[in-house]
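This report describes selected features of the chain shown below. It covers a pair of strands, the connection between them and the loop within that connection.

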Amino acid sequence: MVSRASLIIASEVFHNLSLKNTFLIILLYMNTQYILSMTTTPMRIEHLMDNISYLSKFACQKIIINVCRRYNKMRISDYIVPKKYYKKIKYLKKIVINYTDDCGPLTKYCGGAKYMRDNKLTDHHLIIIDDDVHYTENLFQNLLKDKTKKNITTGSGFNMTLDYKYHIVKEGNTEYVEGYGGICFHYNQISDIMMDYSEYYKHICWDEYDDIVNDFLKASFLGDDYIISKTYKKRTAICS
């Protein structure tokens with residue numbers, strides 16, 4: 001028969017191990033470096049700048065705001081971020097306004113990936129997000145916690161049924177990832193294929209509707225979630 005004293009000792013050992021494991025998980029997360037990357041447009045940048053300060057309080061190393069001088073689909077050229085917005089982020093050292101090529105919805109991925117490569121952030125994770133969604137740090141913690149060497153993680157995923165209906169995946173393997181829920185990659189997972197494919201965006205004629213190749217490119221670049229999901233074979237939705 002197990003004595004009460006033995007049970008108390010076992011309980012204390014289990015409690016201490018639980019605390020130790022919790023501490024190790026927290027320590028692992030604190031040592032996991034990541035950057036956030038998003039894209040904005042001349043029409044959305046004011047709202048973004050009014051709300052960006054809360055993200056700078058998170059544990060990320062950098063917040064990359066990708067801006068294009070030329071927006072192909074919107075027919076905007078020679079865009080420069082107004083000085084008033086630089087003044088708003090003057091003391092927010094994490095925020096970087098990154099001028100990059102317009103790759104449509106893939107810009108947040110390509111701009112962030114190129115920034116990581118240019119700055120040799122080889123031990124960092126890249127989390128791509130949207131500029132008009134309010135995020136919590138808990139989401140980013142969970143994206144990093146469930147990240148492995150082989151998978152990418154997302155806060156929102158779904159499977160497509162045989163009759164082409166969406167089936168939301170709350171947790172576990174998912175067929176498709178969704179950018180607005182955040183998607184997490186490691187530096188080593190940056191895809192040269194996707195970076196190369198993004199170059200085709202520059203050649204889309206948005207006023208042309210009779211060319212099948214052109215129509216295919218337009219459709220594919222409006223579906224960045226599809227491109228990412230087909231590029232990365234192991235996708236995990238986290239409970240957010």
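## Terms and basis

Helices (H or I, at least four residues) and strands (E, at least two) are DSSP runs, numbered from the N terminus. This is a predicted model, in which local features need pLDDT of at least 70, side-chain atom pairs count only at pLDDT 80 or more, and totals for chains, interfaces and linings use all residues. Residues are numbered from 1 along each chain as its sequence is written, and side-chain values use heavy atoms, with hydrogens and water left out.

## Strands S2 and S3

Strand S2 (residues 62-67) runs parallel to S3 and is joined to S3 by five bridges; two strands pair if DSSP finds at least two bridges between them. Ile64 has Val96 in S3 as its bridge partner.

Strand S3 spans residues 95-99, and four of its five residues are buried. Buried means under 20% relative accessible area, exposed over 50%, and partly exposed in between (1.4 Å probe, protein chains only).

## The crossover

From S2 the chain passes through helix H3 (residues 83-88) to S3, forming a right-handed β-α-β crossover. Right-handed means that, with the strands pointing away from the viewer, the path from the first strand over the helix to the second runs clockwise.

## The loop between S2 and H3

Arg75 lies in the loop between S2 and H3. Although Arg75 is not a glycine, its phi is positive, at about 55°. Arg75 is exposed, with a relative accessible area of 53%.

Asp78 is also found in the loop between S2 and H3. This residue, likewise not a glycine, has a positive phi of about 60°. Asp78 counts as exposed at 67% relative accessibility.
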